[in-house]
Amino acid sequence: MEYGGRRRLLWVHGRSIAWLPPLLLLAGVILLDFATGEDFRIISWIVLVPGIAAAICGVWTTAAYGVVSVVTYFVVDSAWPDQYKAGFGDFLLVALGGALATLAAAVRVRQERQLLHIRDIAETTRRTVLRPLPPRWAGLEHAGVYLAADVDARVGGDFYDIQPGPHGTRVLVGDVQGKGLGAVEAAAALLGTFREAGYHEKDLATVAERLEIRMLRHRSHSTALGHHDGDRFATAVLVAFPDDAPERIDIANFGHEPPLVVGPHGVRELPSGDGVPLGLGDLAGGLPPVHRVPLAAGETLLLVTDGVTEARDTPGEFYQLAREVERAVRADPRRAEPRRLVRRVRDGVLRHSRGRLEDDTTIFALRRLTDATGAPGEDLEQGRLRS
């Protein structure tokens, strides 16, 4: 964000130097006024000093520069003979400019504080929807990154979670249709249901049914409140890691991007979205089937939202996820590790799209922990994409 970038540029070794540009401008105006001679007086340009301070300094610093500018104008102008003085009119201009600059600084500081408060609320919301997960959790090593297309909101409709339970570990990754707070509310509703059903229900199909019902109930409630959410739905992938079957996983795909299995020997695509999204089950006459697929030790399951596969470059070409991952793993098999894999995909998407994401982007990779597993993968920071 511009404000954050500006503040970083004006800090050196942990100390602010925001006061320095106005001071340099003040000194420059004084030197130029004496250097240009009596036919070209520019001392009135000193009104720019508090104006610059208003943009980058605090209220009291701006006010101080306003006072210094008025005093400096009086001293410098008095040093010239009467016939060459800038006059009382310019003096009033400098005084008024300092007062207005102080007022502008006060407004700017208040708005920045409000913005920081909104960002704190967004961060709290993000942590509620996308709760922090330990790097090694429920028998899985994982890494995830979330990039919001709305850089100010820092949170959108993408969601993911891991839920351990007595029937094994369940994973949910999804993307709510639409944007804004309505999408966030739907994502939070689905995650709440998943965390309960994923723990208590034995069959993955029952968990899927609970998610479908929750999406329908959420839409009904939103419609009753007068919100325009009557057609909202969510694509999702529901995965189960059974404790008694370490060489396989169960998966149900609700119209989502097909997961990839990435291993030292290559990349393969799992069953695609043969079911309709959550909330549209009545259109297909039922929920998607649960597929049982192999997942060998050392293989990583890669789940992404359409912000990855629909990322475009300047000519409009889509990002080729499977091809790029295949190429990366072929060059270095260690890139199949969750932490390395997520970082590789994230960097590839940002490079391909030149940092301009059209949709929220989630990249989530996980694999079973074994005795042979190397250093644990660490969660990448879920920061906002800078524009």
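**The largest pocket and its surroundings**

Lining the largest pocket are 16 residues, with His167, Arg170, Lys202, Pro242 and Asp250 lying nearest its centre. A pocket here is an open set of points on a 1 Å grid over the protein atoms alone, where a 1.4 Å probe fits and protein lies on both sides within 12 Å along at least five of seven lines; lining residues have an atom within 4 Å of a point. The model is a predicted one, so to speak of local features a pLDDT of at least 70 is needed, side-chain atom pairs count only at pLDDT 80 or more, and totals for chains, interfaces and linings use all residues. Residues are numbered from 1 along each chain as its sequence is written, and side-chain values use heavy atoms, with hydrogens and water left out.

The space in this pocket comes to about 320 Å³, a volume being the space filled by probe spheres set on the grid points, which are joined across faces, edges and corners. Strand S6 (168–176), helix H7 (204–224), strand S7 (234–241) and strand S8 (248–254) each give at least two residues to the lining. Helices and strands are DSSP runs numbered from the N terminus (H or I, at least four residues, for helices; E, at least two, for strands). Sorted by class, the lining holds 8 charged, 6 nonpolar and 2 polar residues. Asp, Glu, Lys and Arg count as charged; Ala, Val, Leu, Ile, Met, Phe, Trp, Tyr, Cys and Pro as nonpolar; and the others, Gly among them, as polar.

Two residues from these elements are worth a look. Ile251 sits in strand S8 and is buried, at 2% relative accessible area. Buried means under 20% relative accessible area, exposed over 50%, and partly exposed in between (1.4 Å probe, protein chains only). Ile251 touches, among others, Leu204, Val237, Leu238, Val239 and Pro259, leaving aside residues up to four places away in sequence; a contact means heavy atoms within 4.5 Å. From Ile251 to Arg170 the C-alpha to C-alpha distance is 9.7 Å, although the two are 81 residues apart in sequence. His218, in helix H7, is buried too, with a relative accessible area of 8%. With residues up to four places away in sequence not counted, His218 touches Gly182, Glu185, Ala186 and Ala189.

As for aromatic rings, the whole structure has 3 aromatic pairs. Rings of Phe, Tyr and Trp (its six-membered ring) pair if their centres lie within 6.5 Å; planes under 30 degrees apart count as stacked, over 60 as edge-to-face and the rest as tilted. Tyr73 and Phe91 make a tilted pair, 6.0 Å centre to centre with 45° between the planes. Tyr73 belongs to helix H4 (residues 59–78) and Phe91 to helix H5 (residues 88–129), so this pair ties together parts 18 residues apart in sequence. Tyr73 is buried at 1% relative accessible area, while Phe91 is partly exposed at 21%. Phe88 and Phe91 form a stacked pair, 5.9 Å centre to centre and 25° between the planes. These two Phe residues are 3 residues apart in helix H5, so about one helical turn separates them. Phe88 is exposed, at 58%, and Tyr73, Phe88 and Phe91 make up one aromatic cluster.

Zooming out, the protein chain has 11 helices and 13 strands, and 47% of its 387 residues count as buried.
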